[in-house]
Amino acid sequence: MPRTLLVTGGAGFIGSNFVHYVLENTDDSVVVLDKMTYAGNAASLDGLPADRFTLAEGDITDAELADRLVGEADAVVHYAAESHNDNSLSDPSPFLQTNLIGTYTLLEAARKHGTRFHHISTDEVYGDLELDDPERFTEHTPYNPSSPYSSTKAGSDLLVRAWVRSFGVQATISNCSNNYGPRQHVEKFIPRQITNLIDGIRPRLYGAGENVRDWIHADDHSSAVLTILDKGRIGETYLIGADGEKSNKEVVELILEAMGRDADDYDHVNDRPGHDMRYAIDSSKLREELGWAPSFQDFEQGIASTIDWYRANEAWWRPQKEQTEAKYAKTGQ
């Protein structure tokens with residue numbers, strides 16, 4: 001039977017990809033609640049079927065609005081978050097409001113209405129690993145966040161767990177590795193390098209570029225979230241990853257080569273404070289218990305398709321670009 005899903009932060013990068021995925025692969029309808037900050041883009045939701053999609057502009061900390069929309073939904077998929085590490089170092093306050101107070105507000109609405117709740121989180125709550133560490137993050141890894149962003153996401157995870165245990169909220173959590181793909185703001189690592197190259201600007205790499213991230217295409221993240229929503233056990237946490245560990249240096253070099261440039265045609269800039277060294281996800285619980293598997297298992301193929309999207313959709317990213325580069329220029333990055 002078709003459901004109505006309330007997707008918070010559905011005009012952002014990962015949220016909008018999930019909305020497209022749901023509307024293309026199910027009969028469900030979607031209501032997006034988004035504050036439409038700089039990271040939200042209404043153009044990311046263009047072309048969606050009007051009979052199955054609604055955009056509600058508003059703040060997840062607005063208790064009256066959250067109560068009404070959650071009460072009208074069959075399930076909440078909570079993507080909304082302040083998520084940029086550099087921004088959290090400059091001003092932590094919005095991260096506290098959105099990631100903690102916003103999650104609390106939604107949980108109280110879900111508690112009142114008995115609404116199924118899925119919380120989207122990040123592998124950054126676990127801190128980082130050494131480059132030569134044979135281990136990967138699992139659902140049992142202790143939390144060890146290193147920035148205002150990751151600490152507030154860790155706090156929001158703990159709120160969800162507490163509301164499940166204390167109040168019986170029907171919730172699950174997923175912690176995902178770094179996403180890439182269409183509709184990602186140009187402040188982020190991969191689209192910044194791609195759009196710089198489109199503009200004839202040499203890419204910039206933090207430090208030596210040895211930091212390792214575990215990359216997953218946004219479509220694979222979306223399919224995993226839908227699987228957890230449908231099959232996940234209440235109160236459980238599932239880690240989402242596609243075995244895509246690459247150093248930032250490797251990623252920049254892959255992008256350069258895919259765009260017809262020399263692999264060493266980039267500049268080094270000062271590393272950012274508290275830059276985590278390595279993330280790595282063990283998603284075996286999700287795969288073995290719920291039968292999920294990623295579709296994009298070839299990172300080079302995924303990068304090529306992402307480059308094609310940014311080349312074909314300059315009208316989408318161009319309005320963000322100048323302001324983003326001006327902000328980075330102030331910090332020498």
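Met-36 is partly exposed, because its relative accessible area is 21% and the buried class ends under 20%. Keep in mind that this is a predicted model.

Phi is positive, about 60°, although Met-36 is not a glycine. Most residues other than glycine have a negative phi.

Now Arg-183. Here, too, the residue is not a glycine, and phi is positive, about 70°. Arg-183 also sits in a loop, the one between β7 (178-180) and α6 (189-198). Is Arg-183 buried or exposed? Buried: its relative accessible area is 16%, and the cut-off is under 20%.

On to the tryptophan. Trp-163 belongs to helix α5, which covers residues 148-167. Trp-163 is buried, at 13% relative accessible area.

What is Trp-163 in contact with, once neighbours within four places in sequence are set aside? Tyr-104, Leu-107, Glu-108 and Arg-111, and then Gly-168 and Val-169. Pick out Glu-108 from that list. The side chains of Trp-163 and Glu-108 make a polar contact at 2.8 Å.

One distance to finish with Trp-163. Take Asp-123, 40 residues away along the chain. From C-alpha to C-alpha, Asp-123 and Trp-163 are 21 Å apart.

To recap. Arg-183 is a buried loop residue with positive phi. Trp-163 is buried, lies in α5, and has a side-chain polar contact with Glu-108.

How values were computed. Residues are numbered from 1 along each chain as its sequence is written. This is a predicted model: local features need pLDDT of at least 70, side-chain atom pairs count only at pLDDT 80 or more; totals for chains, interfaces and linings use all residues. Side-chain values use heavy atoms; hydrogens and water are left out. Helices (H or I, at least four residues) and strands (E, at least two) are DSSP runs, numbered from the N terminus. Buried means under 20% relative accessible area, exposed over 50%, partly exposed in between (1.4 Å probe, protein chains only). Contact means heavy atoms within 4.5 Å. A polar contact is a pair of N or O atoms within 3.5 Å; within protein, one must be able to donate a hydrogen and the other to accept it, and residues adjacent in sequence count only if both atoms are side-chain atoms.
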